[in-house]
Amino acid sequence: MSKTKKKPKDPASMRVLFVTPECYPLVKTGGLADVSAALPPALNRAGAEVRLLLPGYPAVLNGLSDLQPVGKPLTDLPGTDRPGSAPATLRIGRTPDGVLAYVLDAPALYDRPGNPYLGPDGKDWPDNAERFAALSWCAAGFAAEDGLDPWWRPDVLHGHDWQTGLIPAYLELRPDRFAGPFRPGTVTTIHNIAYQGLFGAWMMSDLGLPSAAFRIDGVEYYGGVGFLKAGCFYSDRLTTVSPTYAHEIQTAEHGSGLEGLLATRAEALTGILNGVDYDIWDPAIDPHIAARYGAADLGGKDLCKADLQATFGLDRRADAPLAAVVSRLTGHKGLDLVLEAASQWIAWGGQLAVLGNGEPALEAGFRHLATWYPKSVGVRIGYDEALSHRIQAGADLFLVPSRSEPCGLTQMYALKYGTLPLVRRTGGLADTIVDANPAAVNDGSATGFQFVNANVQELTWALRRAAALYRKPERWHAMQQHAMTRDFGWHGPAEEYMELYRAVAPVVVG
Ligand code: ADP
């Protein structure tokens, strides 16, 4: 959809403005924050020059070092014209990881305590549309004739999730405001299609959108303004976080209403897996676990298992297959199936350790399970980073039975810890785990167990296959060792993003 203008010859590298509402450790509500922390440095290592653009939440302004203002105050941002509100300013600083980051310091929009999206009443902030339209407006401003940073013009604007969906819409619909010396390429990444940013049609003019764009081949979505819809419609390229999820979101089952549009844009849509930060997730160097180990010598893993059994009050049986869950406890994670299958697993001699929090019914279900089987089931309700490492190291089997899973990280961590994942074949789970069917076990390619349909019979059958293989220690160890050598680091994904950037960046002439 780009009307590419030629860019003057510039031997410098690919300049990417990485626009994201979250970045660990400054602000995090989900996996996007981890991606925003890990991918930009990986892209920089791959030869890009990436700068972040973040909303000016207090935690972001306080967490960046060497903050300096850039250019003049911004006067025309959506939502900043309230009486008495302080002017908005663009600033630049460095993240704790040393990445350069612009921050949109707009107190009227972001100077609030707590969760970035929810007020103290647990409801969405009423001005979320303006808050994230402003972020997108600011990103588009980098492309304008009077670019927001005259010393740095991006070749690519890369936005993440609905919060940045209006970036390509502004470039396309507001040439009066955003046309510049060359038009940057645009990429929108969908981390979870369930969150779409749908707002009232009456907001069109407040958001700086021309009313003519309120149509099906525009920003209109189910009678309102759809931010993610706009991103999907106007971006040059779309990505999501695994190849299988890229196919799934083109179907009614997983597309959450966007499947039709995405199917028409199938050629622009790519699935690129998220990566793992092996500086944090590696049993050879992990400071949280009882003993360190690697693929060549798994001895330390036995100690980690004993430690985990002690922590959860389980029978100290080295020969009991110990399955684990570390997860948000929500319906789409499929953990109700684990509750149903648990008694059968225990009857086969298995144990279960669960760490998670979320929906009250699931929390209560796991608590009850632990009281029924105190020596076989241990449950911690809560969020505990260190314990999650100890579980990865101490378990034999890692359960991820998700109904939908855009990418999933825990199954990739489990591989590195020699804890064989048992997953439902969906999204990134399908792409990262090779099922232990007889052929894959024989040729040594198996790394875990898959089941296809989200029902308790299929989960139980997969658990049964896992229990049977566990009783063949040589085969189990061979699979563990193969799993531990799989490489899901950020290097490969970063190269794939670079290829995409090269495809959309303005052409160099001269
Ligand atoms: P999602 O983003 O859908 O929650 P992912 O598998 O992509 O699922 O990422 C979840 C991340 O959150 C992983 O790093 C996992 O270890 C962590 N996590 C989830 N629940 C907990 C918990 N209760 N305690 C500690 N870490 C958790």
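Begin with the two domains coloured separately: domain 1 and domain 2 bury about 760 Å² between them, of which carbon and sulfur atoms give 51%, buried area being the accessible area (1.4 Å probe) that two parts lose on being put together, summed over both. This is a predicted model, in which local features need pLDDT of at least 70 and side-chain atom pairs count only at pLDDT 80 or more, while totals for chains, interfaces and linings use all residues. Residues are numbered from 1 along each chain as its sequence is written, and side-chain values use heavy atoms, with hydrogens and water left out.

For the selections themselves, take 10–272 as domain 1 and 299–485 as domain 2, bounds that come from an automatic or database domain assignment. Their centres, taken over C-alpha atoms, are 36 Å apart, and the contact (heavy atoms within 4.5 Å) draws 11 residues from domain 1 and 12 residues from domain 2.

Next, select the ligand and the 16 residues around it, among which Arg328, Lys333, Gly382, Asp384 and Leu409 come nearest; a residue belongs here if one of its heavy atoms lies within 4 Å. Strand 14 (322–329) gives this shell at least two residues, as do strand 15 (351–358) and helix 14 (410–416), where helices (H or I, at least four residues) and strands (E, at least two) are DSSP runs numbered from the N terminus.

Finally, display distances for the polar contacts (pairs of N or O atoms within 3.5 Å): a polar side-chain atom of Lys333 lies 2.8 Å from a ligand oxygen atom, and a polar backbone atom of Gly382 is 2.8 Å from a ligand nitrogen atom.

Terms used. A polar contact is a pair of N or O atoms within 3.5 Å; within protein, one must be able to donate a hydrogen and the other to accept it, and residues adjacent in sequence count only if both atoms are side-chain atoms.
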